[in-house]
Amino acid sequence: MRLTTAELLKNYFFNRENEQAFKECWEDVFEPIAEKREYWEQEVVTGRIKRTLIDLFFDAFLQILVQDKRRGVATEDKLFYSRTSNLFQSYKDFIGRYCNGDKDEILDSMKAYAEVFESTFDPGYCDADIPSAPGVERLNVLIFGLKNSTLIPYVLYVRKNAESSGEESEVFALLESYIVRRTLVQATTKNYNRLFTSLILNEVKDAETLRKALGANDEATTYMPGDDEVRRAFEESCLYNLQSKGVLYLLESAIRPGMSSTALLGFNQYTLEHMMPKKWRNKWGALDDEAATRRDRKLLTLGNLAIITHSLNASIRDADWTTKKQGKGYKDGLDLCAAGLATMAGALEKESWDEGDIADRAEWLADKALEVWR
């Protein structure tokens, strides 16, 4: 059988001469009981490949190690160590070159970082309601729900090294604002890895330093979008469905009243719905070609999108506005599937729904978003 990266590393780090170290640094951390093993063996999709959580941990831990200025790791070596396909070989090479072959230098901090990782990262947060306040729960939705796994090394570094829980929360709030704002304006993610490892290199672990670092960064690939861009994005951006669902879900969880009569479900329990359907031509009246083209684009923007608890029946999804709200027979409409959602405030009371209503709701959502993601 082909050994996993974790199995290769276990065999590399331990032998009969250091059995006690194996028990303390590996067995007690990764294999003490079945539930622990199940946690570490969970698979998540990163990019286009599936990886286990233990694999993600060793990748993140290595990135933290190589960014330590005291080791003086060469830039070309950092590039080699960042390639996930070379993870086991990267550890061997790094320990040989920069630790004088001393494995204990790595083991001394591995257990502590692994324990922090386990208390921080869990794809299960995408199946549970999350709080309105910034924290690890919301970051897990960003990382596993919205596929931003490049955040993991930096979040792990902050969680381990922040001076206080308050400072940590402020950093996480700023990180959430940064990722959501860039998602809204459809900015690239290709240089996230370089950005977040540079923050580790420069020991950025408090919100003020992070704010300055992001504010001083004017590169198109990593800059922090401003409020005007965010507002325009709500009016114009046509995001991927997963991104739209993520933005609306995180906004919903942040603005819903504390004593809401409707429970917030987990991110995975919601689906995205177009309030004016894509197939509007059947039941929503005829338009000339130019107006129809504008409508086709407008209905893809956030002002026309809702998160609902289950998909509408096709006959309801493409129906006229009244039927779409009320449903028909045993088929549920938006009144039931979107009941109690703060992000739907006022929308379901409207007797009609058109481009003007979409624009008004986009403006309202943008106002709320700018309060949440400062």
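Buried means under 20% relative accessible area, exposed over 50%, and partly exposed in between (1.4 Å probe, protein chains only).

The model is predicted: local features need pLDDT of at least 70, side-chain atom pairs count only at pLDDT 80 or more, and totals for chains, interfaces and linings use all residues. Residues are numbered from 1 along each chain as its sequence is written, and side-chain values use heavy atoms, with hydrogens and water left out.

**Figure 1. Overview of the protein chain.**
The protein chain has 19 helices and four strands. Helices (H or I, at least four residues) and strands (E, at least two) are DSSP runs, numbered from the N terminus. Along the principal axes, the C-alpha atoms fill a box of roughly 75 × 45 × 40 Å. Of the 374 residues in the protein chain, 48% are buried. Among contacts with a separation of 6 or more, 68% come from residues 24 or more positions apart. Contact means heavy atoms within 4.5 Å.

**Figure 2. Helix H10 against helix H14.**
Two packed helices are described by the angle between their axes and the distance between the axes. Here the axes of H10 (residues 165-184) and H14 (residues 241-255) come within 10 Å and cross at roughly 140 degrees. That makes H10 oblique to H14. Axes are lines fitted to C-alpha atoms, for helices over the stretch in contact, and angles run from 0 to 180 degrees between N-to-C directions. Angles under 35 degrees count as roughly parallel, over 145 as roughly antiparallel, 65 to 115 as roughly perpendicular and the rest as oblique.

**Figure 3. Side chains between H10 and H14.**
From H10 come Glu176, Val180, Thr183 and Leu184; they meet Gln243, Val247 and Leu250 in H14. By class, this contact of H10 with H14 has four nonpolar, two polar and one charged residues. Ala, Val, Leu, Ile, Met, Phe, Trp, Tyr, Cys and Pro count as nonpolar, Asp, Glu, Lys and Arg as charged, and the others, Gly among them, as polar.

Side chains of opposite charge can pair when their charged atoms come close. A salt bridge is a side-chain nitrogen of Lys or Arg within 4 Å of a carboxyl oxygen of Asp or Glu. The whole structure holds 20 salt bridges. In this view, Arg231 and Asp367 meet at 2.9 Å, N to O. The pair links distant parts of the chain: Arg231 sits in helix H13 (residues 227-236) and Asp367 in helix H19 (residues 355-372), 136 residues apart. Arg231 counts as partly exposed, at 28% relative accessibility.

**Figure 4. The network of Arg51, Asp55 and Asp59.**
Salt bridges link Arg51, Asp55 and Asp59 in a network. The closest N and O atoms of Arg51 and Asp55 are 2.8 Å apart. Arg51 and Asp55 are both buried. Asp59 lies in helix H4 (residues 53-66). Asp59 is buried too, with a relative accessible area of 12%. Not counting residues up to four places away in sequence, Asp59 touches Arg51, Thr84 and Leu87.

Arg294 forms a salt bridge with Glu290, their closest N and O atoms being 3.2 Å apart. Both residues lie in H15 (residues 289-298), four residues apart, about one turn of the helix. Arg294 counts as exposed at 52% relative accessibility, and Glu290 is exposed at 58%. Arg281 lies in the loop between strand E3 (271-274) and H15. Arg281 is partly exposed, with a relative accessible area of 47%. Leaving aside neighbours within four places in sequence, Arg281 is in contact with Ala292 and Asp296.

**Figure 5. Two loop residues with positive phi.**
Asn100 is not a glycine, yet its phi is positive, about 55 degrees. Asn100 is in the loop between helix H6 (87-98) and helix H7 (104-120). At 76% relative accessibility, Asn100 counts as exposed. Lys147, also a residue other than glycine, has a positive phi near 60 degrees. Its loop runs between helix H8 (136-145) and helix H9 (152-161). Lys147 counts as partly exposed at 49% relative accessibility.
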